Amino acid sequence: MALLEVENLRVEFPTRRGTLLAIDDVSFQIEEGEVLGVVGESGAGKSLTGASIIGLLEPPGRIAAGQIRLEGERIDNLPYDELRRIRGKKIGAIFQDPLTSLNPLYTIGRQLVETIRVHTDDTEAQARDRTVQLLTEVGIPAAERRLGSYPHEFSGGMRQRVVIALALCANPKLIVADEPTTALDVSIQAQIIALLKKLCRDHKTAIMLITHDMGVIAETADRVAVMYAGRIAEIGPVKQVVKHPKHPYTIGLMGAIPIVGRDIERLTQIEGSMPRLTNIPDGCSFNPRCPKVFDRCYVERPDLVPTGETTAACWLHAKEKTGV
Amino acid sequence: MLDEKTAAKAPSGFVHRFMDSDLVYSFLRSPVVVISFIITALYFLSAAFAPWIAPHNPFDPASLDLMEAFTPPAWTADGSMKFILGTDDQGRDILSTLIFGSRISLIVGFSAVLFSVVLGVGLGLLAGYAGGWAETIVMRFADVQLTIPAILVALMIDGIARIIVPVELRDEMSIYVLILAIGVSDWPRYARVTRGATLVERNKEYVSAARVIGVHPIKIMFQHVLPNVMGPVLVMGTIGLALAIITEATLSFLGVGVPPTQPSLGTLIRVGNNFLFSGEWWITLFPSLALVILVLAVNLLGDWLRDALNPRLR
Amino acid sequence: MSDRLIATSPEPALLELENLSKYFDVSKSLLNRTIERLPKQILKAVDGVSFSIKPGQTFSLVGESGCGKSTVAKLVVGLHKPTGGQIRFDGTNVADAKSIAQNAALRRRWQMIFQDPYASLNPRWRVHDIIAEPMRVFGLAGSSTELSKRVSELLEQVGLSAMDGEKYPHEFSGGQRQRVSIARALSSNPEFLVCDEPTSALDVSVQAQILNLMKDLQRDIGLTYLFISHNLAVVYHVADMIGVMYLGRMCEIATPQDLFRNPRHPYTRLLIDTIPDLEMTGKAREPVAGEVPNPINPPSGCSFHPRCPLANDRCKSEIPKPIHSATGMVACHAAEEGRLPAPQTVAPA
């Protein structure tokens with residue numbers, strides 16, 4: 001049994017012009033200690049998938065169908081209080097802007113100690129020791145002396161480290177990290193990626209790493225899910241997806257990334273832009289932009305099928321499989 | 001792609017876009033706002049067409065009959081259907097004086113708001129965009145004025161005007177003095193809001209883009225920044241209209257507003273107040289009700305507009 | 001100082017910056033300073049930067065936030081006035097163009113593209129008017145039919161439809177807005193575009209579209225770019241020359257091939273080390289510790305010394321002078337003294 005199972009997840013936003021389907025039939029699993037990268041462009045639904053798992057879907061958005069199971073137990077239909085307990089204890093969260101996760105009015109020591117005490121039976125002194133240990137582990141120098149500092153007294157990179165420590169407080173099984181390095185400078189980004197990798201290894205924590213940056217995924221993740229217009233276009237081991245993508249969207253995406261040392265005059269260009277939620281085409285949602293589109297793509301929606309070592313939702317590969 | 005489709009299907013043009021906007025949608029969804037809007041519109045319409053709508057002309061001495069003075073409202077024992085809301089001490093029809101009085105109140109309130117918006121937005125825009133000394137002078141001036149209650153500022157200006165304006169012109173000029181007094185007393189609020197919004201807009205890249213090609217600062221202020229700061233000003237102006245109407249009523253109630261020959265709602269309340277204890281309650285009650293309903297409706301509209309235009313509250 | 005790059009080809013530079021500086025006074029108000037007995041605080045956003053760009057080429061400035069690269073861009077287009085140094089455009093000292101006519105004649109020849117496609121277009125203006133504004137300001141418009149025709153041409157040149165002029169910015173996606181921005185920049189027929197992080201707010205596939213468009217335009221109408229970015233891979237892809245900045249100073253100038261194959265400044269090496277490894281070579285690496293210090297109080301001497309593995313006492317006290325070579329520049333004591341180890345970075349293919 002996988003640590004996290006997401007099955008046929010469907011998220012809807014009722015609006016006055018009809019219901020928008022933001023996530024459509026998304027299924028994936030995360031094993032214990034695994035880093036699953038979720039990559040996609042803005043509007044692909046990657047952040048909403050993360051928000052659904054940690055139960056922070058903003059109304060009027062709602063889970064309309066499907067199940068989310070953590071260690072075999074459903075967590076998508078829990079009452080608010082129970083969900084909140086699980087959110088701190090079993091699932092940690094890291095967001096793009098560290099300032100939104102930290103209360104500016106309390107010292108970071110107090111925030112960490114309180115969080116630990118809410119989720120464990122530690123005494124004040126034990127929680128304090130644990131706090132110092134956590135802060136040292138995430139790479140805050142002289143952690144003991146920084147307990148009395150307020151969030152604004154830290155630099156952006158240090159703040160993100162504090163947030164990571166906060167997410168680790170209760171030794172969660174899973175951390176959902178939504179664009180954890182996007183707001184940081186490149187050199188800090190590399191430090192944070194290295195830190196996440198180390199923590200994942202040391203604590204056997206699984207990470208769902210949501211980002212738009214394929215480079216971050218390539219560095220960090222074991223498997224990657226590529227999302228497009230609310231669906232998973234391709235999912236598989238990161239090396240396979242990066243080096244030998246199967247879905248035309250992933251192929252285009254990989255070619256669009258400038259790479260040092262790759263001397264080309266023009267980058268691969270995917271024409272057009274991602275459809276708006278109000279106007280997702282029938283059949284395969286990528287069909288207006290796909291260079292290899294054919295008749296079937298306009299009428300029938302492809303499901304994820306294994307092709308080689310990855311799994312792609314594309315009719316090109318479905319044919320291959322059935323041997324037509 | 002969506003835009004192309006809807007544009008092809010829908011009757012394009014401003015009216016359609018407006019009717020389809022989120023603003024209209026949120027308006028139609030709230031009955032309180034719709035009722036407020038209808039009430040406000042009725043006030044405006046009756047003010048505009050007062051001479052045709054009012055059953056009597058209360059300011060025509062020939063039509064007044066002192067015998068009809070103090071007629072109570074129509075539904076009481078002594079009432080007459082001729083005067084639905086009764087008459088005052090001079091036999092004037094209360095309903096008609098209300099209609100004409102609201103007209104004066106609205107004219108004064110509206111003009112005063114317009115005056116303070118022009119003054120406040122102009123100075124706020126200058127302070128926010130130019131910065132430096134211009135900002136210091138304008139904003140300190142606004143700060144000082146904000147420490148004095150608006151009504152005192154208005155009383156002061158009214159007092160000064162009384163000294164300057166010759167006696168024979170006083171009644172004629174009083175309405176302009178009132179507009180000036182209320183307008184000047186209220187500009188700092190608009191200046192502050194405009195300055196704040198200007199500071200935000202000034203640092204946006206579209207302003208830099210205009211500066212790169214050397215557009216004149218005055219042009220940037222009016223063509224680029226001004227249209228983008230008008231949202232909050234519109235909201236404040238609506239709430240400001242209610243405030244201005246109250247200020248006008250207060251000043252008139254204190255006897256420094258419009259003269260009794262051209263009564264506003266405030267004047268009517270003051271005049272009627274004298275008869276409250278002798279039992280003629282309707283002379284002051286109906287003008288007071290008219291004022292309360294008008295101010296409430298305008299305020300509710302202003303509150304809705306603020307929420308509807310503020311994306312963070314949605 | 002004559003730190004200017006010696007041009008290797010006889011072609012004169014289109015833009016030359018010589019010892020350019022911009023200091024900002026970030027002190028508290030006079031009253032607060034007097035009460036709290038604080039000194040004036042000066043932020044040296046740009047401190048003695050020199051480089052030149054040849055016509056038709058792309059010069060890229062890279063660096064982390066606070067390194068002054070955006071300030072250089074703003075200085076070049078005249079959004080800030082320099083504290084010191086010179087900007088020469090096509091041989092003319094920009095500061096000498098005092099009259100309005102001279103000024104407009106110069107300004108017409110350069111334009112700027114901004115980072116945030118959501119903030120760089122006035123939301124209350126139609127796209128047609130946005131694109132037409134530079135033509136109106138510089139009096140290039142002619143009749144209104146000519147103007148409309150030119151706007152339609154520009155829209156099509158950047159890959160939009162001529163019909164799009166009637167729309168408002170909010171009806172476009174981020175990438176389309178950036179196209180509008182480019183059309184506006186092109187409308188006054190400039191030779192030189194300053195691009196301040198033009199793709200960093202865009203998705204990768206859209207970034208590819210915009211970078212391709214910019215390259216096409218450069219090839220077709222011979223544009224010269226000053227391209228500001230924090231993304232080294234993007235810079236490698238677009239630049240003919242790269243300048244690396246750190247805390248307001250220029251560390252190294254080199255061609256992309258030299259810079260990535262043989263980086264000489266330790267900060268350049270650090271930056272190259274942070275590039276995510278998309279080739280999946282699986283090489284292990286140790287990210288360099290430390291963060292960019294507060295630019296108001298930069299370290300003494302070479303401002304990179306607290307993070308530099310090669311720092312010695314000289315680095316702590318003495319600001320390194322630029323050392324010029326045939327194609328580039330480096331400002332580092334270690335490079336000057338020859339204590340630079342061979343680069344460990346994987347050389348690009």
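How many disulfides does the count come to over all chains?

1. The count comes to 0 disulfides. This is a predicted model, and a disulfide here needs two cysteine sulfur atoms within 2.5 Å. Take Cys169(A): the closest cysteine sulfur, in Cys200(A), is 18 Å from its own, so the gap is too far for a bond. Cys169(A) is also buried, at 2% relative accessible area.

2. Cys195(C) takes part in no disulfide, and the nearest cysteine sulfur, in Cys67(C), lies 16 Å away. Cys195(C) is buried, with 0% relative accessibility.

3. Now helix 7 of chain A.

4. Helix 7 of chain A is largely enclosed by the rest of the structure, because 12 of its 13 residues are buried. Among them are Gly157(A), Arg159(A), Gln160(A) and Arg161(A), as well as Ile164(A) and Leu168(A). The buried residues pack against strand 6 (91-94) and strand 7 (174-178) of chain A. They also pack against helices of chain A, including helix 4 (108-119), helix 5 (124-137) and helix 8 (186-203).

5. The largest nonpolar core holds 99 residues. Ile164(A) is one of those with the most contacts inside this core, a list that also includes Leu4(A), Phe28(A) and Leu135(A). Helix 7 of chain A gives the most to the core, with 8 residues. Leaving out residues up to four places away in sequence, Ile164(A) touches Ile94(A), Val138(A), Ile192(A), Leu195(A), Leu196(A) and Leu199(A).

Note on methods
Residues numbered from 1 in each chain as written. Chains lettered and ligands numbered in written order. Predicted model: local features only at pLDDT ≥ 70, side-chain atom pairs only at ≥ 80, totals over all residues. Heavy atoms only, no water. Buried < 20%, exposed > 50% of the residue type's maximum accessible area, 1.4 Å probe, protein only. Helix = DSSP H or I, 4+ residues; strand = E, 2+ residues; numbered from the N terminus. Contact = heavy atoms within 4.5 Å. Core = buried A, V, L, I, M, F, W, Y, C linked by side-chain atoms within 4.5 Å.
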